[in-house]
Amino acid sequence: MIYDNNKTFKQNILAASGSDNILESEDQKSIWPKGSGEIIIPEGMILRNMTLKYPEMFSLVPYGNHIRFENVKLYTQGHTSDTAIIELLDTKNFSVDRLEIFGDNNRKAILCRSSAVDTVLRHLSISGNIGFGILFNDSIREQGRDYRTIKGVDYSDRPVASGISIQHYNFGYVGMTRAGDGIEMNAPDEGISSIDLDSIFIHSTLTSSSTASNGIGLGFANCTDVKLNKAIVNNTGKFGIHFEKGANHDVTNFSTHNSKRALSVAHTENTTFSKGVCTNSEELFISYNTLNDRNPCSKTTLKDVDFYGFTDKGIWSSNSESIELINVSIDGHFSKPSQPYIKLYQQDPDLVRIGCKDFSIENLAIGPTRSGYVDHDILIHNSQGNITVPSDVTLQTPIRIKQENSNLSWNNAYQVIN
């Protein structure tokens with residue numbers, strides 16, 4: 001069905017749902033829905049080749065199975081509402097191909113708090129001054145019991161999503177003034193499984209305060225089987241790439257620039273970062289694991305990752321197991337003379353856990369830029385593991401290790417300071 005300017009947008013949707021389920025605009029003219037509230041996009045509907053301009057009070061709500069947006073532009077007005085621009089409601093096989101969302105408001109561009117199964121988002125651009133990009137959120141502990149009760153249905157007993165694919169995604173711009181995250185998969189209650197992201201570009205995110213949790217480029221809480229390939233994450237107010245709880249995360253071909261913390265991992269199992277570059281951050285890689293009711297971080301690998309330029313902490317991990325650093329280089333420590341490049345330690349002395357158990361550092365390179373460094377590059381505290389470089393590798397500058405109450409093995413490429 002071709003959009004008819006003589007009818008309201010809602011009427012055209014209803015008319016299309018009774019015919020061939022396709023609503024499109026042949027002449028590409030802008031459509032201006034009137035009024036406020038939700039516009040339900042029913043099961044089987046396709047929105048194609050159209051530009052929608054609507055006020056902040058409107059939310060598009062795909063509701064049901066097999067709904068598609070193809071070559072659609074959304075311009076949202078106003079700046080006071082924090083409702084969603086698009087909210088997925090109990091969807092299956094929702095897909096997007098070429099969707100642009102533009103505006104200047106505090107809204108979440110795409111939100112799901114009910115249930116979404118097998119979601120595919122391709123060629124998605126969120127620009128203008130919109131603080132929050134994509135949010136899947138199941139946390140009634142954080143948001144309140146009614147957060148996941150929608151239209152009388154309580155979705156809190158099921159995962160908010162499973163099977164998410166996002167490809168060719170652009171978010172934000174340098175100079176934006178609204179706080180939020182680029183992509184956040186927050187599922188502490190029920191978890192999210194099977195997330196595949198490819199060709200992701202986060203230009204900027206802001207945090208609302210030094211203690212706020214927003215400002216994350218890419219964040220995943222209690223997610224399993226996450227694959228992230230070809231990601232560029234720049235100018236994040238908090239974390240560049242963050243994993244908390246969950247398992248089986250694989251990040252490859254990535255870069256971060258100008259983050260408060262480039263990489264962050266907590267209480268996860270089997271997380272790998274490979275073929276990456278992180279530049280100009282306050283902190284490079286942090287893994288704090290101190291909560292009594294959670295498992296320590298285990299099986300974390302940094303492989304073929306280059307870090308350059310940081311002003312505070314380098315690679316720090318506490319209360320973790322089986323952390324590996326393979327072919328990692330660090331250079332450009334520009335301040336904080338009391339901080340070493342690498343610190344593996346027990347953060348909370350009252351916990352029984354060892355600091356870092358069974359760690360391995362292989363072929364580590366620390367560059368010559370050591371402004372204000374202390375007398376050691378690596379601090380090993382209450383931990384056990386080994387540090388080696390291949391016999392045919394010659395270090396430009398010996399790497400100095402300080403150990404405290406640790407069981408450590410090393411080879412002659414390092415100087416150990418007791």
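Helices and strands are here DSSP runs, a helix having at least four residues and a strand at least two, and they are numbered from the N terminus. With that numbering, Asn-234 has its place in strand E16. The model is a predicted one, and in it the secondary structure comes to two helices and 30 strands.

Among the contacts between residues at least 6 apart in sequence, 62% join residues that are at least 24 apart.

Asn-234 counts as buried because its relative accessibility is 17%, and buried means under 20%. Once residues up to four places away in sequence are set aside, Asn-234 touches Phe-201, Ile-202, His-203, Ser-204 and Thr-205, and also Thr-256 and His-257. Val-226 lies in strand E16 too, and with a relative accessibility of 0% Val-226 is therefore counted as buried.

From Asn-234 the contacts lead on to Thr-256, which is found in strand E17, residues 247-266. Thr-256 counts as buried, since its relative accessibility is 1%. Leaving aside neighbours within four places in sequence, Thr-256 is in contact with Val-233, Asn-234 and Ile-241, with Ala-262 and Leu-263, and with Val-277, Cys-278 and Thr-279. Of these, Cys-278 is buried at 0% relative accessibility, and Cys-112 is likewise buried, with a relative accessible area of 0%. What is the count of disulfides in the model? The count comes to zero, where a disulfide would need a pair of cysteine sulfur atoms within 2.5 Å.

Most residues other than glycine have a negative phi. Asn-253, however, has a positive phi of about 55° although it is not a glycine; its place is in strand E17, and it is partly exposed, with a relative accessible area of 37%. Asn-382 also has a positive phi, of about 50°, without being a glycine. Asn-382 sits in the loop between strand E26 (378-381) and strand E27 (384-388), and at 16% relative accessibility it counts as buried.

The last stop is the largest pocket, which has a volume of about 790 Å³. Its lining is made up of 42 residues, and those that lie nearest its centre are Asn-137, Glu-142, Gln-143, Glu-184 and Asn-186. By class, the lining holds 14 nonpolar, 12 polar and 16 charged residues. Several elements each supply at least two residues of this lining, including strand E9 (116-137), helix H2 (140-143), strand E13 (183-186) and strand E16 (223-244).

Notes: Residues are numbered from 1 along each chain as its sequence is written. This is a predicted model: local features need pLDDT of at least 70, side-chain atom pairs count only at pLDDT 80 or more; totals for chains, interfaces and linings use all residues. Side-chain values use heavy atoms; hydrogens and water are left out. On a 1 Å grid over the protein atoms alone, a cavity is a set of points where a 1.4 Å probe fits but cannot get out, and a pocket is an open set with protein on both sides within 12 Å along at least five of seven lines; lining residues have an atom within 4 Å of a point. Grid points are joined across faces, edges and corners, and a volume is the space filled by probe spheres set on the points. Ala, Val, Leu, Ile, Met, Phe, Trp, Tyr, Cys and Pro count as nonpolar, Asp, Glu, Lys and Arg as charged, and the others, Gly among them, as polar. Buried means under 20% relative accessible area, exposed over 50%, partly exposed in between (1.4 Å probe, protein chains only). Contact means heavy atoms within 4.5 Å.
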